[in-house]
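Look it over first, then read on section by section.

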Amino acid sequence: MSKKIVIISSHYLHTPVKSAFERLKPDCDLIFTTYDSFQNIPSVYDSYAEEADGFLVSGPIAKSAIEVVEHKIHKPVVSFQIDLEGMYKSILDILMEPKNSDMNRIVMDFMVLMDDKNTATDFLKGMTSEQFIPRFSQWTSHLPAEEIACIEDKMVNRLIELYKEGKMDIVICQFTNIIPALIEHNIPYLFPFPSDLTLTSLLHELFAKIEMEKLLANRSTLLSVTPRKLDSISPEMMALLRRKIESFLKENLMECLILDNKEGFHIFTTAQVLDSITNHYRTCSLSSYLNESLPFECSVGYGIGNTLSDALKNSTYAIREARFTGHSFIKNAQGDLIGPLDSEKRMVIENTFNRKCTYIAKKCKLSTITIQKLMTYQKLTGDNKVTTQELSSRFGVTIRNANRILQNLQKGGCASVVYTRTSNSKGRPTKVYELNFQ
């Protein structure tokens with residue numbers, strides 16, 4: 001069956017994009033639509049998400065505007081914009097005009113909000129640096145929704161300032177929605193339209209993502225459900241737990257296989273179902289349902305694997321962490337631990353089972369997962385200083401356990417007390433530890 005691709009572009013790009021793809025005649029069904037602003041594009045996506053196999057959208061910010069918002073249906077999204085070759089050609093075309101253009105007076109619109117270095121000269125210098133593309137990608141992917149919504153207005157205002165101050169002659173545009181405002185203020189611009197080769201390549205990239213999504217959606221997934229405290233559970237309570245699991249599956253129209261195990265139940269399903277019931281790996285509706293309807297607390301762990309054996313192994317790992325913290329966790333096929341679900345403290349703890357991590361864990365007499373959590377925490381906060389109270393709060397462990405972890409790190413040479421904090425209330429000063437995993 002032919003794939004259905006929705007192409008979302010600005011109003012300015014609608015006609016040239018439609019003409020280009022009609023000329024290319026790709027082997028898929030195309031739907032062309034437009035968005036009014038970055039604030040509006042998520043709703044455009046939602047209106048087509050159910051029928052579409054994938055989306056092509058104009059520009060990385062438009063893509064970020066879609067991805068920063070929660071959606072009921074997730075489909076692959078690829079952004080199209082001018083490639084580097086097109087950027088170089090645009091600069092060269094301007095320089096070859098008989099106006100003796102200065103590269104320091106050619107402004108790149110997508111650079112004006114990153115920092116003050118926004119000219120063609122800065123762009124060409126940046127391209128020689130390995131940090132430029134990652135820096136731009138990081139900037140676009142970390143923009144919050146409220147900033148994305150007003151980014152075009154800020155960009156236009158900044159360009160108008162530069163033009164009125166006599167600091168630029170022309171702007172090379174990637175953001176086509178700002179072109180009407182540039183025309184209104186008589187600001188010269190050039191929009192380099194993507195080449196046929198670029199558009200074809202992006203379409204093939206989207207096809208590959210669609211196929212990969214289908215494969216991933218059918219990956220083996222196993223849910224482990226157990227009472228959190230096993231020592232006081234009777235056969236009658238286990239029977240009640242099974243009935244409640246069956247009720248949850250029925251209410252959510254999930255046809256899954258349930259098998260007993262010595263501590264609880266295994267539920268066999270797919271990654272697609274897991275994505276749905278966890279709101280894209282963020283919440284755990286099953287855990288909430290069970291804990292609200294049962295007289296005892298339950299733990300839920302999710303395992304995804306390329307094989308059923310891998311899924312079982314990963315769910316065992318996740319349920320162990322769930323029992324320890326009282327929150328649900330997911331361990332995916334890559335070995336990353338995701339959780340705690342239903343928490344602002346949710347992290348993706350990347351699989352770092354390497355010699356360094358294992359060595360540190362052994363040296364400090366701690367588990368490898370504890371070291372992984374600490375490394376992830378340090379990466380997320382960008383800070384290598386922590387107190388017992390902060391560690392206890394972040395990891396959901398007791399003050400006593402947090403204190404033991406930091407003391408073990410100190411004995412193993414991976415942490416040291418750098419100073420103490422005092423408060424107005426009575427009590428001992430708080431020790432501030434500096435982590436060092438180098």
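## Strand β3 and its partners

In β3, Leu-56 is the bridge partner of Ile-7. The model is a predicted one.

Which order do the strands take? The order is β2-β1-β3-β4, in an open sheet of four strands with parallel pairing. The edges are β2, residues 29-35, and β4, residues 77-80. Each edge strand pairs on one side only. From one strand to the next, the twist averages 25 degrees.

A helix covers this ground too. Helix α2, residues 41-49, lies across β1, β2, β3 and β4. It runs at about 155 degrees to β2.

Leu-203 belongs to helix α10, residues 196-217. Its relative accessibility is 4%, under the 20% limit, so Leu-203 counts as buried. What does Leu-203 touch, leaving out residues up to four places away in sequence? Its contacts are Ile-5, Phe-21, Pro-26, Cys-28 and Leu-56. Leu-240 is another matter. Leu-203 and Leu-240 are 37 residues apart in sequence. In space they are 51 Å apart, C-alpha to C-alpha.

Ser-90 sits in helix α4, residues 84-95. Ser-90 counts as buried because its relative accessibility is 4%. Ser-90 touches Ile-172, Leu-190 and Pro-192, again not counting residues up to four places away in sequence.

## Where α17 meets α18

Two packed helices are described by the angle between their axes and the distance between the axes. Helix α17 covers residues 388-395, and helix α18 covers residues 399-411. Their axes come within 8 Å. They cross at roughly 115 degrees. The crossing of α17 past α18 is right-handed.

Which residues make the contact? From α17 come Thr-388, Gln-389, Leu-391 and Ser-392. From α18 come Ile-399, Ala-402, Asn-403, Ile-405 and Leu-406. Five of the contact residues are nonpolar, four are polar and none is charged.

## Cysteines

A disulfide is a covalent bond between the sulfur atoms of two cysteines. How many disulfides does a search of the whole structure find? It finds zero. Cys-256 is in no disulfide, and the nearest cysteine sulfur, in Cys-284, is 13 Å away.

Cys-414 is buried, with a relative accessible area of 5%.

## Backbone details in the loops

Gly-339 and Pro-340 are joined by a cis peptide bond, with omega about -5 degrees. Pro-340 is placed in the loop between β13, residues 337-339, and β14, residues 347-349. Asp-342 also lies in the loop between β13 and β14. Its phi is positive, near 60 degrees, and Asp-342 is a residue other than glycine. Is Asp-342 buried or partly exposed? Asp-342 is partly exposed, with a relative accessible area of 41%.

Tyr-281 has a positive phi as well, of about 70 degrees, although it is not a glycine. Tyr-281 lies in the loop between α12, residues 271-277, and α13, residues 285-293. The relative accessible area of Tyr-281 is 19%, and buried means under 20%, so Tyr-281 is buried.

Conventions. Residues are numbered from 1 along each chain as its sequence is written. This is a predicted model: local features need pLDDT of at least 70, side-chain atom pairs count only at pLDDT 80 or more; totals for chains, interfaces and linings use all residues. Side-chain values use heavy atoms; hydrogens and water are left out. Axes are lines fitted to C-alpha atoms, for helices over the stretch in contact, and angles run from 0 to 180 degrees between N-to-C directions. Helices (H or I, at least four residues) and strands (E, at least two) are DSSP runs, numbered from the N terminus. A crossing is left-handed if the near helix is turned anticlockwise from the far one by less than a right angle, and right-handed if clockwise. Contact means heavy atoms within 4.5 Å. Ala, Val, Leu, Ile, Met, Phe, Trp, Tyr, Cys and Pro count as nonpolar, Asp, Glu, Lys and Arg as charged, and the others, Gly among them, as polar. Two strands pair if DSSP finds at least two bridges between them. Buried means under 20% relative accessible area, exposed over 50%, partly exposed in between (1.4 Å probe, protein chains only). A disulfide is a pair of cysteine sulfur atoms within 2.5 Å.
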